[in-house]
Amino acid sequence: MSKFSSQITTLFIVVALVCVFVPVFSVEEAEAKSLWNTCLVKITPKCALDIIGVVFENGTISDPCCNDLVKEGKVCHDTLIKYIADKPMLIAHETEYLKKSDDLWNHCVSISKSA
């Protein structure tokens with residue numbers, strides 16, 4: 001049952017990402033496309049899902065994924081998380097998500113420094 005629940009959670013995250021980024025591209029297409037091309041190329045799709053899982057759920061992140069996140073850069077990380085957290089269905093908890101995002105960043109920087 002746990003594996004099925006995990007698959008459903010992953011599916012929800014992927015669907016949520018599509019729903020989140022499609023409106024972004026239609027409204028601010030040039031800026032969003034630039035972020036997509038410069039930021040998300042540095043991390044794997046699985047790592048991106050793990051990052052979102054940590055910030056918007058209670059997921060975990062591996063050390064290699066932390067290293068990829070740090071390579072992505074703080075500006076990219078903050079901007080992309082802010083895009084997601086600003087959505088109407090999430091904005092009520094935006095402060096919580098942004099704190100979790102900062103906590104994740106600090107954790108990953110410490111992991112990256114020790115590698």
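Glu-72 counts as buried, because its relative accessibility is 5%; buried denotes under 20% relative accessible area, exposed over 50% and partly exposed in between, with a 1.4 Å probe and protein chains only. The model is predicted: local features need pLDDT of at least 70 and side-chain atom pairs count only at pLDDT 80 or more, while totals for chains, interfaces and linings use all residues. Residues are numbered from 1 along each chain as its sequence is written, and side-chain values use heavy atoms, with hydrogens and water left out.

Glu-72 belongs to helix α4 (residues 63-72); helices are DSSP runs of H or I with at least four residues, numbered from the N terminus.

Helix α3 covers residues 45-56 and has 12 residues. From its first C-alpha to its last, α3 reaches 16 Å, close to the expected 16 Å, where the expected span is 1.5 Å times one less than the number of residues. Because 9 of its 12 residues are buried, α3 is largely enclosed by the rest of the structure. The buried residues of α3 include Asp-50, Ile-51, Gly-53 and Phe-56.

Cys-47 also lies in α3. The C-alpha atoms of Cys-47 and Pro-64 are separated by 8.7 Å, although these residues are 17 residues apart along the chain.

The table lists the two residues with their contacts (heavy atoms within 4.5 Å), leaving aside neighbours within four places in sequence.

| Residue | Relative accessibility | Contacts |
|---|---|---|
| Cys-47 | 3% | Cys-65 and Asp-68 |
| Glu-72 | 5% | Cys-39, Leu-40, Lys-42, Ile-43, His-77 and Leu-80 |

Technical notes: Helix = DSSP H or I, 4+ residues; strand = E, 2+ residues; numbered from the N terminus.
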